[in-house]
Each structure stands twice: as structure tokens, then as C-alpha cells.
Amino acid sequence: MIEKTSVILADDHSLMRAAIASLLENNGYEVIAQAASYPELEQVFQTHSADILISDCRMEGKGPLNFLKFVRRFHKDCQIIFLTGLESGILFQQLLSAGAHGLVSKKGEVNDVLSAIEKVKKDEIYVSKGFLKEIDSTTSLTVTEYQVLELVVQGLSNNQLADQLNKAPGTINSHRVNIMRKLNVHSIVELIHFCRKNGLYDC
């Protein structure tokens with residue numbers, strides 16, 4: 001008997017989870033767990049191990065990049081595909097740099113999810129065609145800078161950021177300065193506006 005590829009699903013819309021779960025199960029995949037937020041997803045990964053994670057980019061919690069770091073630390077063999085309705089090159093670039101295997105547009109075809117799974121199972125990267133132009137034209141932040149950006153827009157102080165990322169407050173401040181320089185913003189208000197404009201966070 002051929003063992004089914006196991007999948008964990010995460011999306012804050014139950015209807016979306018149900019639709020994807022039905023698609024996967026009808027095509028021979030096994031959905032072993034579901035979650036509606038990043039904190040809930042971390043709890044799922046405490047008790048489950050899957051071949052593939054399919055997750056929305058925009059859910060309650062500390063953000064996709066910081067969650068990706070968590071998965072990479074404890075579940076190195078899990079292949080991660082992000083689903084998103086966003087069109088943000090800066091987000092896509094950093095997710096791929098941090099080890100995501102696939103980026104699938106929610107504006108695409110339903111079978112794109114299946115295509116992404118088949119590609120990442122071969123250890124290849126899948127990116128929806130419409131995202132490539134966004135990635136090529138974006139400003140480059142380092143993975144750490146993007147992790148800091150995720151938490152800055154949530155209102156965390158340098159000391160709180162240092163605790164979260166296990167770095168010195170002075171290092172965090174240097175990252176904040178570099179982020180603002182690269183994105184050509186001059187205040188936290190402008191930084192939050194940039195994130196809203198680029199669809200990065202509900203901030």
C-alpha cells in the first residue's frame with residue numbers, strides 16, 4: 001500500500017480550509033490537521049508532523065517569516081507552501097529566502113495548489129507566474145531585517161524585539177535603521193504606511 005502524502009492546512013477562513021481539504025483528499029492526499037492562526041499552527045506542530053504545510057500568509061500571530069523560522073528549526077523536512085491574495089514582492093522574496101518551497105496566488109486556478117504540491121515534492125520551487133515580476137522588482141531586505149519588520153509594525157519595542165529574536169537591543173536598532181533606509185521611510189508612521197500600501201500586514 002502506497003503511503004499518502006500528509007498535509008497540514010492553515011487559513012483563518014474555515015470555508016477556504018474546507019475547500020482545499022476537499023480538493024486534496026479527492027486527489028489522494030491526507031489532511032492530518034488544520035489551524036486558523038499562527039499560534040494555533042505552532043500548537044499543531046507540537047503534536048503533528050507532516051510532509052507538507054499549506055498556509056495562508058496573513059493570519060493572526062507573529063507573521064509568516066517568524067513562523068517559517070519556527071518550522072525550519074523543529075520540522076526541517078516539512079515542505080512549506082504559502083497561499084496568498086497579496087501581491088507583495090518584498091514578502092515573497094523573503095519567504096523564499098527563508099526556505100519556503102511554494103507561493104500560490106489565491107487569484108489563480110484551484111489546480112495550482114496541486115501543481116505546487118507536485119513540484120515541491122520533487123524538491124523544486126513553485127511560484128505563481130504573476131508573482132515573478134513582483135519578486136524581481138522589489139527592494140531586498142535580509143531575512144533578519146524582515147523578521148524585525150514583521151514585529152516592528154506590531155508595535156514591539158527594541159527590548160521586546162530583542163527578547164523575541166534573541167538579539168541585543170543595539171543590534172535590533174541597527175536593523176530598524178537599515179530597514180528604514182532601504183525602504184526610504186523616515187518614521188514608524190511612514191513604515192506602517194508602506195506596509196499597508198504593500199499589503200504586508202493588517203496594521
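Student: Where does H175 sit?
Tutor: H175 is in helix α9, residues 169–182. Helices here are DSSP runs of H or I with at least four residues, strands are runs of E with at least two, and both are numbered from the N terminus. The model is predicted, so local features need pLDDT of at least 70, side-chain atom pairs count only at pLDDT 80 or more, and totals for chains, interfaces and linings use all residues. Residues are numbered from 1 along each chain as its sequence is written, and side-chain values use heavy atoms, with hydrogens and water left out.

Student: Is H175 buried or exposed?
Tutor: H175 is buried, with a relative accessible area of 16%. Buried means under 20% relative accessible area, exposed means over 50%, and partly exposed is in between, with a 1.4 Å probe and protein chains only.

Student: What is H175 in contact with?
Tutor: Leaving aside neighbours within four places in sequence, H175 is in contact with T144, E145, V148 and K167. Contact means heavy atoms within 4.5 Å.

Student: E145 is on that list. Which helix is E145 found in?
Tutor: E145 belongs to helix α7. At 4% relative accessibility, E145 counts as buried.

Student: And what does E145 touch?
Tutor: Not counting residues up to four places away in sequence, E145 touches H175, N178, I179 and K182. E145 and I179 are 34 residues apart in sequence, and 6.4 Å apart in space, C-alpha to C-alpha.

Student: How many residues of α7 are buried?
Tutor: Eight of its 10 residues are buried, so α7 is mostly covered. The buried ones are E145, Y146, Q147, V148, L149, E150, L151 and V152.

Student: What covers them?
Tutor: The cover includes α3 (64–74), α4, α8, α9 and α10 (188–197).

Student: Take α8 then. How do α7 and α8 cross?
Tutor: The axes of α7 (residues 143–152) and α8 (residues 158–165) come within 11 Å and cross at roughly 130°. Axes are lines fitted to C-alpha atoms, for helices over the stretch in contact, and angles run from 0 to 180 degrees between N-to-C directions.

Student: What do you call that arrangement of α7 and α8?
Tutor: Oblique to each other. Under 35 degrees counts as roughly parallel, over 145 as roughly antiparallel, 65 to 115 as roughly perpendicular, and the rest as oblique. The crossing of α7 and α8 is right-handed. That label applies if the near helix is turned clockwise from the far one by less than a right angle, and left-handed if anticlockwise.

Student: Which residues make the contact?
Tutor: From α7, Q147, V148, L151 and V152; from α8, L161, Q164 and L165. These divide into five nonpolar, two polar and no charged. Ala, Val, Leu, Ile, Met, Phe, Trp, Tyr, Cys and Pro count as nonpolar, Asp, Glu, Lys and Arg as charged, and the others, Gly among them, as polar.

Student: New topic, the sheet. What order do the strands have?
Tutor: β2-β1-β3-β4-β5-β6, an open sheet of six strands with parallel pairing. Two strands pair if DSSP finds at least two bridges between them.

Student: Which strands stand at the edges?
Tutor: β2 (30–35) and β6 (126–127), each with a single partner strand, so one side of each is left without a neighbour in the sheet.

Student: How many bridges join β5 and β6?
Tutor: Two, in the parallel sense, with β5 spanning residues 102–105. L103 stands opposite V127 in β6. β4 and β5 also pair in the parallel sense, over four bridges. There, T84 has S105 of β5 as its bridge partner.

Student: What about the faces of β5?
Tutor: Both are covered: G102 and V104 on one side and L103 and S105 on the other are all buried.

Student: Which helix packs on β4, β5 and β6?
Tutor: α4 (residues 89–97), and its direction makes about 150° with that of β5.

Student: What is V113 in contact with?
Tutor: L23, L24, I54, L83 and V104, leaving aside neighbours within four places in sequence. V113 lies in helix α5 (residues 111–120) and is buried, at 9% relative accessible area.

Student: Last one: what is phi of D123?
Tutor: Near 60°, a positive value in a residue other than glycine. D123 is in the loop between α5 and β6 and counts as exposed, at 66% relative accessibility.
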